[in-house]
Amino acid sequence: MCNLEHILKSTAMNILFVDLGNVCRSPMAEGLLKKKFDDHEISGNVDSAGFESFNINEPPEKRAINIGLKYGYTVGGLARIFLKKDFDRFDKIFVMDSKNYRDVMDLAKTDTQRAKVDYLLNVLEPGSNKNVPDPHNSVVDNCETIFHLLDKATDKIIASIKAEK
């Protein structure tokens, strides 16, 4: 794990969110942070990816799209697979859960690459390594609850970036 403030020091920030299928949690986080980058005039690239091929080139789930629209955010894009070259393209890689963490870390070859990876909820509770609930495989099946959790985490990312400017 690495210190969020240390990672977020550059003027342009490139952030990737990773979950299993790249159709719910990670696209919601991507949509939230992209709008917040625009609102706060922060330059950088925000993207999302997954580890399962069954959703490649599929849009986000309708419930993720609809909850984003309800709060004024665009949840869009097409699902894609996490690639080794993402370590070179992104300054920070936030994972949604422990399986995603293991999957990304298994592909990391250097300490620099490993230092880019962290649990998203560690921005709210450093070192907790808590999972963002998966609406498909947990008791939290409410996308709105998950959306609000992602909203808080992306607010913290914005605050950290702005504090370093």
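Helices (H or I, at least four residues) and strands (E, at least two) are DSSP runs, numbered from the N terminus. The structure is a predicted model, in which local features need pLDDT of at least 70 and side-chain atom pairs count only at pLDDT 80 or more, while totals for chains, interfaces and linings use all residues. Residues are numbered from 1 along each chain as its sequence is written, and side-chain values use heavy atoms, with hydrogens and water left out.

Of the 165 residues in the protein, 50% are buried (buried means under 20% relative accessible area, exposed over 50%, and partly exposed in between, with a 1.4 Å probe and protein chains only). The accessible surface comes to about 7900 Å², and carbon and sulfur atoms supply 50% of that area (Shrake-Rupley method, 1.4 Å probe). Among contacts (heavy atoms within 4.5 Å) with a separation of 6 or more, 72% join residues 24 or more positions apart.

A helix pair comes next. The axes of α3 (residues 62-70) and α7 (residues 143-164) come within 10 Å and cross at roughly 60°; axes here are lines fitted to C-alpha atoms, for helices over the stretch in contact, and angles run from 0 to 180 degrees between N-to-C directions. The two helices are therefore oblique to each other, since angles under 35 degrees count as roughly parallel, over 145 as roughly antiparallel, 65 to 115 as roughly perpendicular and the rest as oblique. On the α3 side the contact is made by R63, A64, I67, G68 and K70, and on the α7 side by C143, E144 and F147. These residues divide into four nonpolar, one polar and three charged (Ala, Val, Leu, Ile, Met, Phe, Trp, Tyr, Cys and Pro count as nonpolar, Asp, Glu, Lys and Arg as charged, and the others, Gly among them, as polar).

The loops deserve a look too. D19 lies in the loop between β1 (12-18) and α2 (25-39) and is buried, with a relative accessible area of 3%. Leaving aside residues up to four places away in sequence, D19 touches several residues, including A49, F51, M96 and N100. The loop between β1 and α2 also holds N22, which is buried at 2% relative accessibility and has a positive phi near 60° without being a glycine. N57, in the loop between β2 (43-49) and α3, likewise is not a glycine and has a positive phi of about 65°, but N57 is exposed, with a relative accessible area of 54%.
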